[in-house]
Amino acid sequence: MHIAIDEAKCMGHGRCYGVAPTLLHDDEEGFVAERGQCWKVPDELLGEAQDAADACPEGAIELLEQAPA
Amino acid sequence: MTETQTEATSAEGAELTHRGCPVVHTDYTQETEIFGHYALLDPDREKARFLFNDTTDRGFFMLQRYDDVREGFQQHVTWTTDVRSALRPGSSNERLLPQDLNGQEHVKLRRILNQFFAPAAVRRMEQMATERCIELIEELKPEGSIDFVAEFAIRYPTDLFLALLGLPVSDGDFFLEWSEDYFNALLAGRPAEATESKKKIMDYFDQAVNDRRENPLDPDLDMVTRLVTARIDDQPIPQEDITTICLTLMLAGLDTTRSALGYIFAHLATHPEDRRAITEDPSLVPNAVEEFLRTFPLVIQAGREVQEPGEFHGLELEKGDVVWLGVAQANRDPRKFPEPDEVKLDRAGANQHLAFGGGPHRCLGMHLARLELKVVMEEWHKRIPEYQIPDGTELRERGGQLTMTSLPLEWDV
Ligand code: HEM
Ligand code: SF4
């Protein structure tokens, strides 16, 4: 499972890193530090990844079965 | 006979449409009994996906479902804050920053402000916020009977607001009176009636800003120092913009937090099982904060002005139309939150509510507000775990932007 965070959609609500503190982190402005990135989620953090995607009110976090081409 | 006539008129009235939307006349600005506004808003949401409300000069198109409201906040290129409130489109005469900016201008100012309101900055305030909260509670505890709204819920955020500006919290004693006077006049659509209070407030901010020009602090930690030293496109921020930012934070941060605290404590006073759950297990508090913000949204709407004609899921909008982003209706939309009327302290997904808006104008103070609500719930219940609303009390709420007019609480001393 990959997680992708859309830089343009992220508005810094801070809900994702609140529910997924191991996977995601906040930057100085309150946006998720990993925005604009796409990476493979370690198995033990799949739950956090799902929680983060569910929590984002902007729909900025996407979970992908496959690594994007 | 008259009865039949009235019926005929109301049936006709119900069929009235404006650009395909059923027309409603619901007035959300009047004072009602507590929860009276949700009793108007929730049924309106179920009448039709989009409504046109004709109670203001310009009228407004209402987006009410969770998905629509959320998408509406994201239409920030074509729908701007040139109208900030669908209920008071003319209120934009009173300038607010960063609210009134849009596009890149807005992003540039938010970039400067965000860092003082981000979770990292709010964590730096936590100790001070906790100490101040404890002081206020300890001061009130021996009284055993207070108006929670007037004696606690407005004082606490006012003190923290002053601290955020690097001002002495003791100034709250006189500052509060001015801010209340000005806010109430503004909300009633009569800012001219409070010009004196506004002048006192602006002079006070002006002095504070000048003081910081002379005695700068660390611009990474002190917001006013940052504002006086920052450059946007190589230009310093004008003095009147800095004082307008201070004024905006005051208007946006004090009444809202007071209101949230009022609804939370009205609920907890009347729901002993929830109150005891929180007292026994404070780890419930963060999710409870989200659930309270969801169930009792106090900013019931945000306004937007359409800049380019376009279609929104079948709704045809023209330039100059006013759009209502129905925050309260979205938070209480059963399509998104099952049994939306029920407070469930451990509701999954409670934090997806739109109480703080969304898109680029999402509430600047959300993390501070969350901290304030969390600290109060924790510290209050450590000290005053049992309290009630005196028998026979009638609770009322102001319209427009909701807040309880008073909340008497009593406890054993
Ligand atoms: C429970 C408390 C609060 C609630 C429910 C709340 C709600 C909101 C909402 C819904 C918006 C969006 C308005 C729009 O999109 O037009 C907003 C914006 C804003 N809020 Fe809050 N707010 C709260 C507390 C605070 C606090 C404590 C502060 C600051 C100290 C604050 C400062 C602001 C500012 C400056 C904006 C404008 C942001 C912009 O336009 O970029 N708010 N708030
Ligand atoms: S919850 Fe969404 S908008 Fe908020 S910081 Fe995370 S990705 Fe960004």
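In chain B, residue B:D233 is placed in the loop between β8 (231-232) and β9 (235-236), where helices (H or I, at least four residues) and strands (E, at least two) are DSSP runs numbered from the N terminus. Although B:D233 is not a glycine, its phi is positive, at about 50°. With a relative accessibility of 48%, B:D233 counts as partly exposed, the classes being buried for under 20% relative accessible area, exposed for over 50%, and partly exposed in between (1.4 Å probe, protein chains only). A positive phi, near 45°, is also found in B:H313, a residue other than glycine, which belongs to the loop between β11 (310-312) and β12 (315-317) of chain B. B:H313 counts as partly exposed because its relative accessibility is 41%. A further backbone feature is the cis peptide bond that joins B:L97 and B:P98, with omega at about 10°; B:P98 has its place in the loop between β6 (79-80) and α4 of chain B.

The model is predicted, so that local features need pLDDT of at least 70 and side-chain atom pairs count only at pLDDT 80 or more, whereas totals for chains, interfaces and linings use all residues. Residues are numbered from 1 along each chain as its sequence is written, chains are lettered from A and ligands numbered from 1 in the order in which they are written, and side-chain values use heavy atoms, with hydrogens and water left out.

B:C363 itself lies in the loop between α14 (327-331) and α15 (366-383) of chain B. Around ligand 1 there are 25 residues, the closest being B:H106, B:R110, B:R304, B:H361 and B:C363, where a residue is near a molecule or strand if one of its heavy atoms lies within 4 Å of it. Polar side-chain atoms approach oxygen atoms of the ligand at 2.7 Å in the case of B:H106, at 2.7 Å in the case of B:R110, and at 2.7 Å for an N or O atom of the B:R304 side chain. At least two residues of the shell are supplied by each of α4 (103-114), α11 (239-270), β10 (302-306) and α15 of chain B, and α11(B) gives the most, with six residues. By class, the shell comprises 15 nonpolar, eight polar and two charged residues, with Ala, Val, Leu, Ile, Met, Phe, Trp, Tyr, Cys and Pro counted as nonpolar, Asp, Glu, Lys and Arg as charged, and the others, Gly among them, as polar.

The largest nonpolar core has 111 residues, of which B:F152, B:F205, B:F265 and B:W380 touch the most other members; a nonpolar core is a set of buried Ala, Val, Leu, Ile, Met, Phe, Trp, Tyr and Cys residues joined through side-chain atoms within 4.5 Å. Helix α11(B) contributes the largest share of this core, 16 residues. Apart from this core lies another, of 21 residues, among them B:F52, B:F73, B:W79 and B:L317.

Helix α14 of chain B also holds B:N331, which counts as buried because its relative accessibility is 0%. A polar atom of the B:N331 side chain lies 3.3 Å from the backbone oxygen of B:L293. Contacts of B:N331 (heavy atoms within 4.5 Å) include B:R294, B:P297, B:F337 and B:H353, residues up to four places away in sequence not being counted.

In helix α9 (residues 195-214) of chain B, B:S197 counts as buried, at 8% relative accessibility. Its side chain makes a polar contact with the side chain of B:D181 at 2.4 Å, such a contact being a pair of N or O atoms within 3.5 Å; within protein, one must be able to donate a hydrogen and the other to accept it, and residues adjacent in sequence count only if both atoms are side-chain atoms. The C-alpha atoms of B:S197 and B:E180, which are 17 residues apart along the chain, are separated by 8.9 Å.

Finally, B:T403 in strand β15 (residues 403-404) of chain B counts as buried, at 5% relative accessibility. B:T403 and B:L261 are 142 residues apart in sequence, and 9.4 Å apart in space from C-alpha to C-alpha.
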